[in-house]
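These are my notebook entries on a single chain.

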Amino acid sequence: MSDGFDATAAKSEVYRPRPETIANYTVPDYSSLRQQAAADPIAFWDAQARELVDWYEPYEQTLDVSEKPFYKWFTGGKINIVHNALDRHIKSWRKNKLALIWEGEDGEQRTYSYFKLWKEVNRFANILKSMGVRKGDTVTIYMGRVPELPIAMLATAKIGAIHSVVYGGFSERALGDRIEDAQSKVVVTCDGAWLRGKTVNLKDITDEAIQHSPIVQRVIVLKRTGQQVNMEAGRDFWWHELAALPIAGPYCNTEPMDAEDPLFILYTSGTTGKPKGLMHSCGGYQVHIAATLKFAFDIKEEDRWWCAADPGWITGHSYIVYAPLILGATSFMYEGAPGYPYPDRWWHLVEKYGVTILYTAPTAIRGLMRFGEAWPARHDLSSLRLLGTVGEPINPEAWRWYFNVIGKQRCPIIDTWWQTETGGFMITPAPVTPLKPGSATLPFPGVEADVVREDGATCDPNEDGYLVVKHPWPGMARTVWGDPDRYRQTYWSDFSSQEWYFTGDSARRDEDGYFWIIGRMDDVIKVSGYRLGTAEVESALVSHPSVAEAAVIGVPDELRGHAIHAFCILKSGETGDLALTDALKAHVRHEVGPIAVPAVIEIVESLPKTRSGKIMRRLLKARVMGQPAGDTSTLEG
Ligand code: WTA
């Protein structure tokens with residue numbers, strides 16, 4: 001028994017919210033909403049689009065299926081996400097409400113009312129215009145976790161340009177490839193970013209990345225760390241110097257966009273090394289993220305919402321930047337790492353700012369759990385009312401710790417399953433949903449998810465299968481930037497009907513219909529919740545002069561979910577000593593970024609391959625994990 005929940009420690013542990021918890025929730029009748037939406041998903045999304053966002057011109061059609069799988073939503077409608085996130089609030093009492101509270105790793109604090117954020121966005125939008133950015137152009141943003149990152153995103157969207165945010169933990173090859181693919185003439189960056197008391201030299205990395213990209217004409221540099229950087233005359237400009245010029249006026253028109261115009265590109269990992277830019281649209285995306293945040297996290301005016309992701313990933317795009325602002329919420333954002341400089345930095349922040357909802361990843365929870373209960377116990381965490389998790393399956397042990405030690409058995413755990421491709425939550429409980437530790441529970445209203453066999457038949461309860469989505473949803477990525485065939489091939493070609501979206505995940509459903517996500521079925525590895533492709537790491541390894549061939553697998557890791565284990569064949573004459581493996585790690589760090597550095601690099605003489613020359617990663621994995629090799633009939637003789 002617990003406070004606010006009835007926990008049954010039966011075969012499967014179920015935490016049922018008590019009636020008084022349900023009564024506190026804005027939409028207590030959530031299950032009938034799910035049922036209605038299942039009967040008519042289009043009507044559900046139509047209602048959300050009318051209620052949650054303003055349109056300059058109404059749409060004619062809610063869902064257009066004429067060019068499958070290139071579905072269109074809210075066609076004919078005119079909209080701009082910045083109107084809904086900022087402009088409209090300036091005309092209401094929310095003008096003076098806090099939109100964003102920010103704390104730097106060094107303790108610096110800043111707050112932005114909706115009015116102040118709106119003005120900063122207008123100024124930066126005018127700066128972008130003066131740099132030649134026009135509707136439909138792409139702007140690459142490569143920054144640390146500072147308020148100017150959302151400001152740059154919003155300013156780009158305001159003028160109808162398309163942002164491509166590259167996570168600040170990527171290094172120059174990853175950045176360069178993404179700038180090149182998006183063809184950005186303008187890049188926005190920082191001199192450096194703070195991370196665990198050290199600085200990451202973002203401007204140096206940008207300089208190297210654009211050496212090979214003559215497309216870049218202008219670089220706008222925010223001063224954050226104050227470190228020495230190279231500024232190339234005529235190309236590089238300081239943000240603060242531009243902001244002091246008359247061009248950076250505090251008013252800028254918001255561009256009315258077609259619902260299907262691109263809003264942003266976000267690169268994510270897939271099966272090949274080439275970056276895959278998922279394109280999200282102006283209309284459907286905002287409807288989806290606003291509806292999901294509203295229902296799953298029951299956002300209220302008085303909430304202080306903390307999504308502890310990085311704005312450089314989809315979680316940050318949707319749930320730090322756009323959805324909370326559309327709903328008029330107050331967000332908190334923190335620059336640094338969870339346990340820095342003390343293991344209770346986060347708990348201190350929750351107490352200091354009265355955070356009411358914390359949304360983070362299992363890897364962060366496991367990391368904080370390792371420090372022990374004494375650290376959170378030092379703080380008054382009673383402001384918390386909901387907790388959330390995303391990014392990988394949460395192991396029940398971490399779930400229980402989060403629930404008991406952080407939430408004091410009062411706060412439901414909202415385990416949200418979704419992807420860069422889906423734009424927003426797809427499988428998630430609401431605060432009234434009975435919870436099972438480790439399960440993302442049930443699909444969001446209007447989302448038709450299923451677990452199927454290879455032939456498309458629905459799996460039996462508790463049978464592992466492919467996780468698919470059978471009906472389009474408004475937040476779906478519209479295409480792969482510049483490569484619609486890759487979009488169709490990757491997501492829509494696996495099942496005979498070709499009308500289902502394949503997520504790349506395996507899952508099972510239990511007898512209550514609850515979804516249990518097992519993990520990726522493709523060559524994607526989730527390391528500390530970050531998404532990486534084996535091919536990205538492999539191509540970084542083989543770009544080192546000593547390496548002839550490389551294969552990379554993900555191996556289960558207690559803290560990080562998965563860790564990278566690499567196998568390299570060296571060129572003849574090279575010796576695989578410690579100095580070389582260290583050099584290879586440094587090389588991957590330099591090429592892709594610290595998140596891609598293998599935990600282990602094993603030097604081998606050969607790699608198991610199929611007769612057609614494909615590396616059999618499955619065999620490598622079985623070997624590392626001491627498991628039987630399974631079917632080896634296709635192995636090269
Ligand atoms: C995994 C992150 C289990 C899954 C928003 C998915 C999860 C991939 C969960 C997408 C969850 C995300 N439970 N697994 N709650 N959330 N995943 O694109 O494998 O970085 O396919 O998007 O993360 O990762 P991405």
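**Entry 1: burial and overall build**

I worked from a predicted model. I began with burial: of the 637 residues of the chain, 61% count as buried. I then looked up the secondary structure and found 19 helices and 32 strands.

Next I checked the radius of gyration. A compact globule with 637 residues would have a value near 26 Å, and the chain has 24 Å, so the two agree. For the extent of the C-alpha trace along its principal axes, I noted about 70 × 65 × 60 Å.

I also asked how far apart in sequence the contacting residues lie. Among contacts in the chain with a separation of 6 or more, 71% are between residues 24 or more positions apart.

**Entry 2: surface and charge**

I recorded an accessible surface of about 24,100 Å² for the chain. Carbon and sulfur atoms contribute 51% of that surface.

I then turned to the charged side chains, of which 68 are positive and 80 negative. The centres of the two sets lie 3 Å apart.

**Entry 3: helix α4**

How many residues of helix α4 (residues 81–90) are buried? I found that ten of its ten residues are, and I describe the helix as mostly covered. The buried residues include the charged Asp87 and Arg88, and also His83, Asn84 and His89. Ile81, Val82, Ala85, Leu86 and Ile90 are buried as well.

At the start of α4 I looked at Asn80. A side-chain oxygen of Asn80 comes to within 2.8 Å of the backbone nitrogen of Val82.

**Entry 4: cis peptide bonds**

Lys68 and Pro69 are joined by a cis bond with omega about 0 degrees. I placed Pro69 in the loop between β3 (61–64) and β4 (72–75).

The bond from Tyr340 to Pro341 is also cis, and I read omega near -5 degrees there. Pro341 belongs to the loop between β19 (330–334) and α12 (345–353).

Gln409 is not a glycine, yet I read a positive phi of about 60 degrees for it. I found Gln409 in the loop between α15 (396–406) and β22 (413–416).

Thr441 sits in the loop between β22 and β23 (449–452).

Last, I examined Phe44, which is part of helix α3 (residues 41–52). Its relative accessible area is 7%, so I counted Phe44 as buried.

Which residues touch Phe44, leaving aside its neighbours within four places in sequence? I listed Leu33, Ala37, Phe295, Phe444, Pro445 and Gly446. For Leu33, which is eleven residues from Phe44 along the chain, I noted a C-alpha separation of 8.7 Å.

How values were computed. Residues are numbered from 1 along each chain as its sequence is written. Side-chain values use heavy atoms; hydrogens and water are left out. Helices (H or I, at least four residues) and strands (E, at least two) are DSSP runs, numbered from the N terminus. The radius of gyration is taken over C-alpha atoms; the globule rule is 2.2 Å times the number of residues to the power 0.38. Buried means under 20% relative accessible area, exposed over 50%, partly exposed in between (1.4 Å probe, protein chains only). Contact means heavy atoms within 4.5 Å. Accessible areas come from the Shrake-Rupley method with a 1.4 Å probe; for residues, only the protein chains shown count as cover. The place of a charge is taken as NZ of Lys, CZ of Arg, CG of Asp or CD of Glu. A polar contact is a pair of N or O atoms within 3.5 Å; within protein, one must be able to donate a hydrogen and the other to accept it, and residues adjacent in sequence count only if both atoms are side-chain atoms.
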